[in-house]
Protein chains: 2
Amino acid sequence: MLSVDEAHHIIIENAQKANCQTENIGLQNAVGQVLQEDIFADRDLPPFNRVAMDGIAFNTKAFLKNGNTFKIEKIIAAGDPAYTLQNLNACVEIMTGAVLPQGADAVVRYEDVTIENSIATVIVNSVNALQNIHTKGKDVRAESLLINKGVALSAAEIAVAASVGKANITVSKLPKVAIISTGNELVNVGEIVLPHQIRKSNSFMIDAQLQQWNINATAYHLNDDLTEITVQLKNILINYDVVILTGGVSKGKFDFLPQAFDELGVQKHFHKIAQRPGKPFWFGSNNDAVVFAFPGNPVSSFVCLLRYFKPWLQTYLRQNIENHFYYALAETVQFKPNLTYFIPVKLTNDNKTVKVAKPFFGNGSGDFVNLKNVDGFLELPVGKDVYEKGELYKFINFRNI
Amino acid sequence: MLSVDEAHHIIIENAQKANCQTENIGLQNAVGQVLQEDIFADRDLPPFNRVAMDGIAFNTKAFLKNGNTFKIEKIIAAGDPAYTLQNLNACVEIMTGAVLPQGADAVVRYEDVTIENSIATVIVNSVNALQNIHTKGKDVRAESLLINKGVALSAAEIAVAASVGKANITVSKLPKVAIISTGNELVNVGEIVLPHQIRKSNSFMIDAQLQQWNINATAYHLNDDLTEITVQLKNILINYDVVILTGGVSKGKFDFLPQAFDELGVQKHFHKIAQRPGKPFWFGSNNDAVVFAFPGNPVSSFVCLLRYFKPWLQTYLRQNIENHFYYALAETVQFKPNLTYFIPVKLTNDNKTVKVAKPFFGNGSGDFVNLKNVDGFLELPVGKDVYEKGELYKFINFRNI
């Protein structure tokens, strides 16, 4: 059986080969999207010697030569055009954000000045050249690279893009995703449920998680009938970039998906990973679409979505992927089977220690109610039986915290 | 001047007093929203003795009495109505998700069975009662509380709500928010910018961050003119629950906002907090709206949005707020002023240590380009000059990681 790392590698390779389009969208719609152009400064930042305090501006040579009083020759607001000091021994009142006048080289804030009859008196003893001035180009020089292609845009990058005039911006186009639930035991959420039936919940879970990644997917349901599955899947494969299925990939007599994929020419890249939960995960693709067929147990399909689909998506979108984060186990865990073990964990600062990952095991891969206790999963790799308290393991989150 | 904690306290009290409405929305739109009803199990979970492996089901007493061969009397799929074993010495083939037949008490997976001529032979030596059966009510008993009111719904809670039939769900109604930029120096992002002007970026930053919290705000701009500000603000205050402004609250001659608020009967709750950046933050309210007037420096307004508006919003929405998270400083920081100090930090597992917060100082509150290096801010409290490497401080994030 494939290891987690081998499966990951196959999935990343698939995403690298896939062709992701780009699109130019309004900056106000770009938060969370993956940038597909380099953003450069169109001018210095700040673009001029920018006053950083409300107060008065003058020439420090005059302060040294003539002492602490200055005639006020003008009041300058942010947004006023650049001004030149007419008298190098005079000052201007000036506001935060304004252009420092030609001839002035320092700003003293109002708190350190008294003003009477248009004469300003500085009441501190020393004034340094360039004080309270955010000098032209201090943060960034014109034409320097501000944001690299491949960044997932946060509010901070949106502000930077706005500041250099990017009203529109090029980002990766999100894939079209279909979510397919399978299984005759499933009924819709709003319908009457008979004792032997259960309501659809996996497709809701996947849809909700995809929304967190900015994807609005379309949901389908297929009954356990090979003909129905094959006919409908054929159509869906043509119309979507990604097809995510849950259920129908185990050893059961009515698990028709692998057979249907085969008939439709969807090439199997792997079936089954040496992990718990989520072992029966089936992955494949044809020229139209890539197929993630997750097991039907809710925790299994959730772990597979987070552990495999998310990196596929980030790679597909050409997102620069940060290293994973590692947290220390809050308690020792024993696990004998020769499988990678994903355990539900809550991140916590219990007892004012550094943040650690505390396991909440619940009742296995069917018990999704237990997930309300946790923030994500810790990945305990194959190859040992005892995972000691304090050891660092990779963390996979599903809650924004 | 007010401390950070005092300001926080005033903001939380304001939010607690505000009246937040609830609304009933489709479950497919509920991810990220704050739940305003308790969600109960409508029946046991699992709702029946649920088969957890594909294989055969039989009675373990027959296995002990008659040995390892069983006549197969039926094939049962998930979604088939409950069945009763006709012959207690026979078995059924049965699939994951199906109802365990009355009379059977164990499932042996296909891998441990051979089948020939409708006779199944178990090829393992021992079979335990209840093996591979997820028993009725094991995860949850009917009528037990599954999700508490006040939770911000992740994909996991959406799945739980679906499983108990909540096609619609009651959540807190998000506030209507106006974002107002002020300052004559600002021009729109798509327009020509003159040397003494800068483009609007704060309002884009705030709007983008609000989108991350599910809020679609409306943006306005006001010039530095007391009459214009007063007339327009009056109208905006009536039509929105929250008004967020940037700029116009410092000591400048054209910082008309405090005066305009006064004329419009917006009560000032505080002006200025002993912190860097973001000191000139002005906070107030009238009967219609609450007003967050942030300083114009980009990093200042961002810190204030994250540190004050976010907890206001969570409290307003009646969200159960988790404790804050604390990370260790990756290097010692010295800071003399008697202020709380918010420093930009990147969370990192450098050198395979536990996750720590690494400072990226940049050039102060005007330098928002520096934020591309970081994930959030670390809050270094007032009252000391040296913050040692390894000490834990509160972390405020803006990037989903």
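The contact between the two chains takes 87 residues from chain A and 87 residues from chain B, with residues in contact if their C-beta atoms, placed from the backbone, lie within 7 Å. On the side of chain A that touches chain B, β11 (145–147), α3 (155–163), β15 (198–199), α4 (202–212) and β22 (325–329) each supply at least two residues. Helices (H or I, at least four residues) and strands (E, at least two) are DSSP runs, numbered from the N terminus. By class, this side of chain A divides into 43 nonpolar, 26 polar and 18 charged residues. Ala, Val, Leu, Ile, Met, Phe, Trp, Tyr, Cys and Pro count as nonpolar, Asp, Glu, Lys and Arg as charged, and the others, Gly among them, as polar.

The model is predicted: local features need pLDDT of at least 70, side-chain atom pairs count only at pLDDT 80 or more, and totals for chains, interfaces and linings use all residues. Residues are numbered from 1 along each chain as its sequence is written, while chains are lettered from A and ligands numbered from 1 in the order in which they are written.

Chain A superposes on chain B by a rotation of 180 degrees with 0.0 Å of shift along its axis (RMSD 0.0 Å). The same surface serves both: 100% of the contact residues of chain A recur in chain B. Of the residues of chain A, Asn400(A) comes closest to the rotation axis, at 3.1 Å (C-alpha).

How values were computed. Copies are superposed by least squares on the C-alpha atoms of residues with pLDDT of at least 70 in both.
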